[in-house]
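Please look over the sequence and the model shown below before reading on. The report that follows goes from the whole chain to its helices and then to individual side chains.

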Amino acid sequence: MFMDNGSGQTEPRDWEQEFGASVAIFSALANPLRLAIAHHLVERPHSVSELHTCLGISQPLASHHLRILREAHVVEGEQHGRTTIYKLLDHHISHIVKDVHEHTAISSVYLRRDHDHRCTPPSFRKPRTYPRTFMWSPGSYSLRSRRLPA
């Protein structure tokens, strides 16, 4: 990941510096629970206890995931007495969360549909096999046909 500058020290590459913060955001949102938390925060700010109730998770677990989202600059917390209210950092994050959710909802509908048999490629209609070859079997060589992985 890092380039050696000849002195034994390593320096980050240009693309690592440019996209490092973006990777941190996507890494934080890569967990399904953290994405669900972000999705709830798109609608309105929530406290830890509200997220605990909405998602059916423990408060320590909600706090743990909110800390990861906060460190990745996805959410920010605002103190109101003894309660911290969390909200998404800006509208760009809410667009990412909404767009990914809409995209996957459309994709899952498309994948669940029963397609016409004429549209199905022949390789999916019947199992493919390797050509007959000599393969080892216990005790001797024999001619066998192996199935290709699906």
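Predicted model: local features only at pLDDT ≥ 70, side-chain atom pairs only at ≥ 80, totals over all residues.

Residues are numbered from 1 along each chain as its sequence is written, and side-chain values use heavy atoms, with hydrogens and water left out.

**Overall architecture**

The secondary structure comprises six helices and seven strands, where helices (H or I, at least four residues) and strands (E, at least two) are DSSP runs numbered from the N terminus. Along the sequence these elements follow the pattern β-β-α-α-β-α-α-β-β-α-α-β-β. Of the 150 residues in the chain, 20% are buried; buried means under 20% relative accessible area, exposed means over 50%, and partly exposed covers the range in between (1.4 Å probe, protein chains only). Among the contacts with a separation of 6 or more, 34% come from residues 24 or more positions apart, a contact being heavy atoms within 4.5 Å.

Helix α2 (residues 32–43) packs with helix α4 (residues 59–71) at an angle of about 80°, their axes being 10 Å apart; the axes are lines fitted to C-alpha atoms, for helices over the stretch in contact, and angles run from 0 to 180 degrees between N-to-C directions. The two helices are therefore roughly perpendicular to each other, a class that spans 65 to 115 degrees, with angles under 35 degrees counted as roughly parallel, over 145 as roughly antiparallel and the rest as oblique. On the α2 side the contact involves Leu33, Arg34, Ile37 and Leu41, and on the α4 side Leu61, His65, Leu66, Ile68 and Leu69.

Helix α1 (residues 14–29) holds tryptophan 15, which is partly exposed at a relative accessible area of 47%. Together with Phe19 and Val23, Trp15 makes a nonpolar surface patch of about 330 Å²; patches are made of residues with over 30% relative accessible area and no salt bridge, like charges being joined within 9 Å and nonpolar side chains (Val, Leu, Ile, Met, Phe, Trp, Tyr) within 5 Å. Serine 27 also has its place in α1, and the C-alpha atoms of serine 27 and leucine 69 lie 9.5 Å apart in space although the two are 42 residues apart in sequence.

**Salt bridges**

A search of the whole structure finds three salt bridges, each defined as a side-chain nitrogen of Lys or Arg within 4 Å of a carboxyl oxygen of Asp or Glu.

| Salt bridge | N to O distance |
|---|---|
| Glutamate 50 and arginine 44 | 3.7 Å |
| Arginine 67 and glutamate 71 | 3.1 Å |
| Glutamate 76 and lysine 87 | 3.7 Å |

The pair of glutamate 76 in strand β4 (residues 75–80) and lysine 87 in strand β5 (residues 83–88) links distant parts of the chain, eleven residues apart. Arginine 67 and glutamate 71, by contrast, both lie in helix α4, four residues apart, about one turn of the helix. Arginine 67 is partly exposed at 32% relative accessibility, whereas glutamate 71 is exposed at 52%.

Methods: Areas by Shrake-Rupley, 256 points an atom, 1.4 Å probe, with all protein chains shown as cover.
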